[in-house]
Amino acid sequence: MTLPDRSALSRRDYLRTLVAIGGATALSACVSESGAIDIPAGTDDPDSLPDRQHAWNDSLSRDDDGNVQPPDHHVLVPLALLDEPTDETRAQLEDAFRTLERAYEWSTDGLLFTIGYTPAYFERFDDALPESVDLPKPTALTASEDPAIDEFDALLHLASDHSQVVLEAEEGLFGDHDDLNGVAVETDLTGVFERLEDQRRTGFVGAGLPAEHTDVSGVPDSVPEDAPFFMGFRSGFEGSQATEDRVTIEDGPFAGATTQHVESLETQLRTWFEQDSHPMRVRKMFSPEHADENLVGDVGEKLTTTNGLTDERIDATEADARRGVVGHAQKAARARDDDGPPLLRRDFNTVDGDRPGVHFLSLQHGIDDFVRVREAMIGDDLDVMHANNGILSYIFVTRRGNFLLPPRSLRALPRATPQ
Amino acid sequence: MHDHDLDRRTFVQRTGAATGILALAGCLETDDDTDEDEDTGDPSNGDDAVPRFPEVEDPPAAVYRPTHRESMRMLEPITAGEYTLAPMLSYPHPFWLVTGGAGEDDIERVDPEQGRGVHMMFTLWDDETGIVLPVDTSATITISQNGERIGSPHSPWPMISQEMGFHFGDNIPLEDDGTYTVDVELPPIPTHTTGDLEGRFTDSETVTFEFEYDRAFREQVVGGVEYFDESEWGERGALEPMDHGHDDHDDDGHHDHDGDGHHDDDGHHDDDNGHDDDDGHHNDDNGHHDHGHVPYSALPPADAYPGTRLEPTDEADTDLPRSGDAAIFATLLESGSRLADGDDQYLLVSPRTPYNRVPLADMAMQVTVERDGEPVGDADGTRLVQTLDSEYDLHYGASLAALQSGDAITITFESPPQVARHQGYETAFLEMPPLEFTVPEEP
Ligand code: HEM
């Protein structure tokens, strides 16, 4: 794999590109670029870590308004089992994960990670998953998509504010790298899993990062400087996110687990930024009222811990549609219930394949929650032209995957019906 | 990263070879030497060497004759499944987006980002009935060159223009000369369909075509622009629908002013009375299509519809009453009509552009009925459903319980047609006050 031309890129962009490339060469380039950064060490006491793999929020940094901030760098590593799971391979996997936990603090300065298993993985067992787990095979959800479906066995999600850490962790698990932040790698995943390089996905999120990618075809110069996401607005306000408790499966053998959906999509940013005006983007992303009342600001800086959607505005979705335009958040918020929003969104931007897009990763109690919210977002029931139906005409779904993120205690090759 | 300025210069140089034509068309005029009608704040006029795009000062809030007639290259229509799609290419030019609301603030002019590229359009029709599909489909366009995709996938805008009627289109920037391949994915059509169209358009199809982007193309489309006499600009009226497919399937790319695929008769319609529905000259485009012929999305004239035609309560000086200059035809189909539920009658409302009878798609409207001053039925109104019928084409309809002569029917436009507009349509069909009709006495 050839490395990018260092002189042609900003430092951050260079680091981002290295994450996208992956591998030992990228890692060493990354280390020499980053120099000696102090990465906080992990723990020898696995019991001190949360039971839930998805318990990230307490370890994430917060923005000035107090919303949790996702880590800057992400890698999704698709994995195919080389052999049927055995107690031996389970132990090997668990050891490897414990190595990561010893090497890096469970935080954005260190490393956050999860492993999730597909419905295809669980098919090998005689018993079906328990009732308490809703994990169907993914299907196309909109008329205009024909997504590839994740049919491999497992997906490893690595996330950190340091590109070096995600690269190093991946190399420690799959490559020749045998020292992770001063911890010797004694067990890795070789022999258990094969890494599917062609389906590897990477991404980034954070104020300013999207605007650094205007060298990528399809990313116009007009992406706002401060925007944390490609489409130009803040996202993930506390008030529009499910809590980790809400998305946790409470009952049954997988108590402490959650489900994950990953929808990979490409975005059309040229028409979004060059043709739609800022008020139009606000209408389509939030709601017409957000634009009329100027509630958002350039990139969402006027919003604090909610996206500003009142119950009244959410109820007005249908009427707004008949008046011509309906907002993405407004529509999706119709799926809130007594416990608030059902999804915990941890999506990030990508330029995989040199095209702008989003890996829309979301956690929810069951996949049916995701489908329900996605249907609210599609808004087939709304009387509105496709081009004015939120952001639908700017996103193009390419891939979908459903995963079970078991509790940490069951994260190593769980059976469909653990005891 | 590309340099826009360099692109512009290269473009000027390349098109400069055709200076004879360009000068005739006034293409190389810049902001400095055009008159005050030029939108001077806009850098994309003139100096991109795309044809200048003069705007009309203070156009009427109605359909008006634009300043010029665009020229385009027609490509061979392609059939896929039930659809036929005819691609058309012109130079990048401004158009207007309706931004979801009523009133003139709710329309937004979109200027091309750069001179290099095309304005890509396509007309989509049902191969079986020949009906142009003025539907809200979430079509996806991907463009590639030498097997490499260019840019991100993209949804074209539904648009109306006087010459092209209803079509899909957008400006697409292109950097290099060469052959481009376009894939258009057409998902199932979500619009409510009736008659012979019921149950149709349920499959996804992909249409692929290629085009050449080169100097010959630019010369053709840039050189073919026809500017009208300034005295006609902004007059109420509309350009004739384009006479598609007769003389424009050129492969040589060399065209003079007469070969750009439009009528050369100066047959524009003036805004006198009664021209809404009786010109009928392109009505025969519905129902058949010969190879290479592109149908125009004209609705049937008013007298082609059955039922009891509703009478406008206020005296109208046009054949059909207008709201925001949209001509609104409304008829009541008797109970037993295939469109009505049970014993109900069916109210069929067919909004169309004046002059060319282009269907006005993507509106929301509702109807309230009063008898002797008292509301009948749902006092909040009944919503009309946008419907595409094999016989009556695009309309908005609802089943209503027996109406009586003398009933007052008010049609309220919750949103004007959300379709994007070419010049001459951008000031019309925006603010649309309600219209009141009366059910006439039995004949
Ligand atoms: C390019 C893709 C997407 C972008 C840029 C995007 C962006 C946004 C933004 C800016 C907000 C408002 C801020 C906030 O509430 O945190 C929002 C809200 C939301 N989005 Fe998206 N989104 C995308 C895709 C999706 C998808 C695929 C789903 C799946 C269902 C989704 C579900 C939601 C939900 C549930 C909300 C919050 C609604 C509530 O407040 O209850 N989004 N999104």
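Guide: In this predicted model, helix α5 of chain A runs over residues 163-174 and has twelve residues. From its first C-alpha to its last, α5(A) reaches 17 Å, close to the 16 Å expected at 1.5 Å a residue. Twelve of the twelve residues of α5(A) are buried, so the helix is largely enclosed by the rest of the structure. The buried residues include Val165(A), Val166(A), Leu167(A), Leu173(A) and Phe174(A). As a general point, an α-helix has 3.6 residues a turn, so residues three or four places apart point the same way.

Of the 27 residues around the ligand, Gly236(A), Ser240(A), Asn307(A), His328(A) and Arg336(A) come nearest. For Asn307(A), an N or O atom of the side chain is 2.7 Å from an oxygen atom of the ligand. His328(A) places a polar side-chain atom 2.9 Å from a ligand nitrogen atom, while a polar side-chain atom of Arg345(A) lies 3.0 Å from an oxygen atom of the ligand. By class, the shell comprises 16 nonpolar, six polar and five charged residues. At least two shell residues are supplied by each of β11 (258-267), α12 (328-332), β14 (357-364) and α13 (367-378) of chain A. The largest share, four residues, comes from α13(A).

Arg109(B) lies in strand β6, residues 107-110 of chain B. With a relative accessible area of 18%, Arg109(B) is buried, because the cut-off for that class is under 20%. The side chain of Arg109(B) makes a polar contact with the side chain of Glu55(B) at 2.2 Å, and another with the side chain of Asp111(B) at 2.9 Å. Glu212(B) is found in strand β14 of chain B, residues 205-213. At 37% relative accessibility, Glu212(B) counts as partly exposed. Glu212(B) and Asp177(B) are 35 residues apart along the chain, and their C-alpha atoms are separated by 7.6 Å.

Terms used. Residues are numbered from 1 along each chain as its sequence is written. Chains are lettered from A and ligands numbered from 1 in the order in which they are written. This is a predicted model: local features need pLDDT of at least 70, side-chain atom pairs count only at pLDDT 80 or more; totals for chains, interfaces and linings use all residues. Side-chain values use heavy atoms; hydrogens and water are left out. A residue is near a molecule or strand if one of its heavy atoms lies within 4 Å of it. A polar contact is a pair of N or O atoms within 3.5 Å; within protein, one must be able to donate a hydrogen and the other to accept it, and residues adjacent in sequence count only if both atoms are side-chain atoms. Ala, Val, Leu, Ile, Met, Phe, Trp, Tyr, Cys and Pro count as nonpolar, Asp, Glu, Lys and Arg as charged, and the others, Gly among them, as polar. The expected span of a helix is 1.5 Å times one less than its number of residues. Buried means under 20% relative accessible area, exposed over 50%, partly exposed in between (1.4 Å probe, protein chains only).
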